[in-house]
Amino acid sequence: MLRSRCTLRVATRRISNSRNSPNGRTRRDFGNFQTGQQLERNGAKRGKTKTTMTNRRKTEWKVVAARVTGVLVILVGALLAARICVANQPGDHPIPSIFDPRSTPADMIKQHSHFVLTITGLIFLVVFTLLAYTILKFRQTTANADREPAQVYGSNQIELAWTIIPILIVVVLFLAVARVIHAVQDAPEPATAVEVTAIGHQFWWEYRYPALGVVTANELHVPVSDPTHPTPTFFKLLSADTDHSFWVPQLAGKTDLIPNRVNQMWIDPHETGLFLGQCAQYCGTQHAKMLLRVYVDSPEEFAAWVRAQRQPANQDEKEAAGRHVFQTTACLNCHAVGGTNGTGRFGPDLTHLMSRSTIAAGAAENTPERLRLWIQNPDAIKPGSLMPAMKLSDADLDALVRYLETLR
Amino acid sequence: MSSDVMAIQSADVAGRSWTGVLHEWVTTVDHKRLGILYILYALIFLVIGGIEAAVIRIQLMRPNNDFVSPQVFNRMFTMHGTTMIFFVTMPVLFGFANYLVPLMIGARDMAFPRLNAFSFWLTALGGFLLYFSFVGGSGLYGAGNAPDVGWWAYAPLASRAFSPGHSSDYWTIALLVSGFGSIGTAINIIATVLCMRCPGMKLSRMPLLAWLNLVMSGMVLIAITPLSAAQIMLLVDRYLGGHFFDTQAGGSAPLWMHFFWIFGHPEVYILVIPAFAFLSEIIPVFSRKPIFGYPVMVAATVAIGLVSTSVWAHHMFTIGMNSYANGFFAITTMAVGIPTGIKIFNWIGTMWGGKIQFKVPMLFCIGFLFQFLIAGLTGIMQAAVPFDWQLTLSYFVVAHFHYVIVGGILFALFGAFYYWYPKMTGRMLSERLGKWHFWLFLIGFHLTFDVMHVPGLLGMPRRIYTYEPRPGWGILNLIVSIGALIQAIAILVFVANLIISYFKGAKAGNDPWDAWTLEWSISSPPPAYNFATVPTVASRRPLWDLKHPEDPDSRYD
């Protein structure tokens, strides 16, 4: 056959040149499966003492072992760090860890993640061990340095085995995934649910409770949900501008708020307290300071909060001067205060500003000094926020802050 | 200038002026030179992208840091992502493909040498356009500078209303232009592999590197076209009053996501398949055995190529798709892990029973295997949709894809550098510096990216220019930043090695690794037009046949 005749005519001229090159590829040495180059190297090594060779092998062992332990130490360290950080005190939730759930969707995800982590962990252990064993076992040694190993091209049985086993794993994983997707995403809304419309803005959150007639911003209040009388909160998620994502890790996974689209999610916190989170989808300059604060109230506290929020704004005549500033400057283009002519919706509703513990979507504490600074120079607190510097006189500014202080 | 004069000039090596050399390189259509140009170009952008990463890591070293403003930070992560994907990883992989594919299949050049040059210069223009935005991006509104919309440029953030000025236009046009370059190179690789193989080299005898680059190029054609279409639509939106993605006029934000990710996910495999290709060449040589299960490796690659075109929406599990769509993309995403797993097993099979030589290229490949295993498993975690609702958009996912791109692709690339540098320059890279590079980079990598998973689990989202002083976040981010510093030092060692070895490295000879593919049969660096006599091959390892006439591969072919 033509094919068999031309077997060895690979760049003949060049190979024959290299025969005389310093690397000295001599074709005579093929008898013992060895290339000329290796022969030469081995020859050189044989000239040296044998101890150098064994030393070299030992150090290699050390290097490999050091590397493996190094990787393990780092992994364990990372896990420990996570563990320490997860140790929250009851009632206070300073770390929004996904492994510290306080609500059914987050809890289902945690259970599910344990399953996934177990499977992936097992795969990791098996493959890691196999890899490490292969690398440690089949290293070149002095004993085998002078001959090529057996040339194995493959094995259909083995290939079949390591195709079928992963397929089975994927099927099992998928069934588990499908169950949890359905349970979280297609959960029916009970009649007792609290409905909240959350609207993402650059860079703050607007919350509307249509059935309760409450409008607020940045700090969400929801009732705790008793398993025997569940009062979950169901969200309708909208966006006024760019994409955002609602993420309070201890209560649920994240769901995006996308303009021209209505998304849904739900939570049913089992515990009262403050839960932290923040916008997870990059939404512009101040994405980082679009923080989420969810207050989970007892049913009585929640009812009281709703009652307070439904009151019209304080119209105390003592602060009429400050109210006048609010009503005659650009404030009311963006902000609403119930009972005044301010009905803007571009910025947060200020009717009960003082019922919130933070301003600027959680970027600063709600104190008179911070409030004053925020009105005077928002960039000092949150550079790039869409709140303009109001450039008021000191007197006006003081009056305005005093007025805002009355909006309880 | 007549061709005679040219010939005399190029023959007269000693007498060439630097302008003459420059002219030769700029006008070259030689696949080897274009390959090297791609690689050098990518290395320059690697350093630039690395500096951007350093700015990011300094800013995030401690909570409420004010090293840079939010505007600058947002530009940094946008430019870092865009640069590393489009102007580092893509060109460097194309560079290696350009250099190696013709050599390995016994061809004298690519199928379309001038298209090859055109594609390179288009890609280069793309990179320069992107960076010109730093000076030219202000535009009519005086707003913006470099793009700050993230490397996905999600709608409507990239629309005129939210991204005034021209920074997003530079981003769009840079990607459009370099995309055309990528398509040109992909067509070229496909044509070369299919039409330019030397006598005897059937598709079933092709080195895996050529096979994998063939699959990669097919995927480029599938993936880059929707990206280019989306960029054109975005330009129509921005300048011709279109409303594809303009949500204020009823456009669709998810439409952009679909367009972007139907490019973006195959893209990950476009980047990783050439990395697989390097491993499939390097591991056999340093294990002294042929690749285990060659036909299965090819089939697995093709399977990855096919399945990876239907996994894109796993980037979008939080946008409110219904549970059936979420389930579909979960199972396709997990399914793509099967052929990938098969590949890992086959590499282990290759090493099994061999005698592994721990030269620097092999060290990087072994690093790849461990790290890609972890990256694959964290990928499976994110394919589990409910788990992904927590993990995605957090630092966990940032750690995951850096594990793929740095721990996987970059490690394989470093391996490729150490393996083929002797062929490209005729000099060996220093083993000593190489080992320093490897160990430093390995330590830095694990310090950075192992630890980076944790803040994500603790609720830290990505793309934030600063963060609240929550317990744990500060110290973890500090460790991550320290790791980044160690990586930077390792990269300096690498660059120093490249430069020093070019002048002082040991002479490589034709075949320093005692390898088996055709590129090692000719001088280092290879002569113009590669093969004086076009070789004829009878098996997958022509040089093995030559070195072992008593037991050639061709006997079992």
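Which residue of S9(A) is the bridge partner of A:Phe235? In this predicted model, where local features need pLDDT of at least 70 and side-chain atom pairs count only at pLDDT 80 or more, while totals for chains, interfaces and linings use all residues, that partner is A:Met265. Residues are numbered from 1 along each chain as its sequence is written, and chains are lettered from A and ligands numbered from 1 in the order in which they are written.

Strand S9 (residues 263–267) of chain A pairs with strand S6 (residues 233–239) in the antiparallel sense over five bridges, strands being DSSP runs of E of at least two residues and helices runs of H or I of at least four, numbered from the N terminus, and pairing requiring at least two DSSP bridges.

Buried residues of H11(A) include A:Ala399, A:Leu400, A:Val401, A:Tyr403 and A:Leu404, and their cover includes helix H8 (320–328) and helix H10 (368–376) of chain A, with contact taken as C-beta atoms, placed from the backbone, within 7 Å.

Chain B has 16 helices and zero strands, and of its 557 residues 64% count as buried.

Methods:
Buried ≥ 20, exposed ≤ 12 C-beta atoms within 10 Å, placed from the backbone. Contact = placed C-beta atoms within 7 Å.
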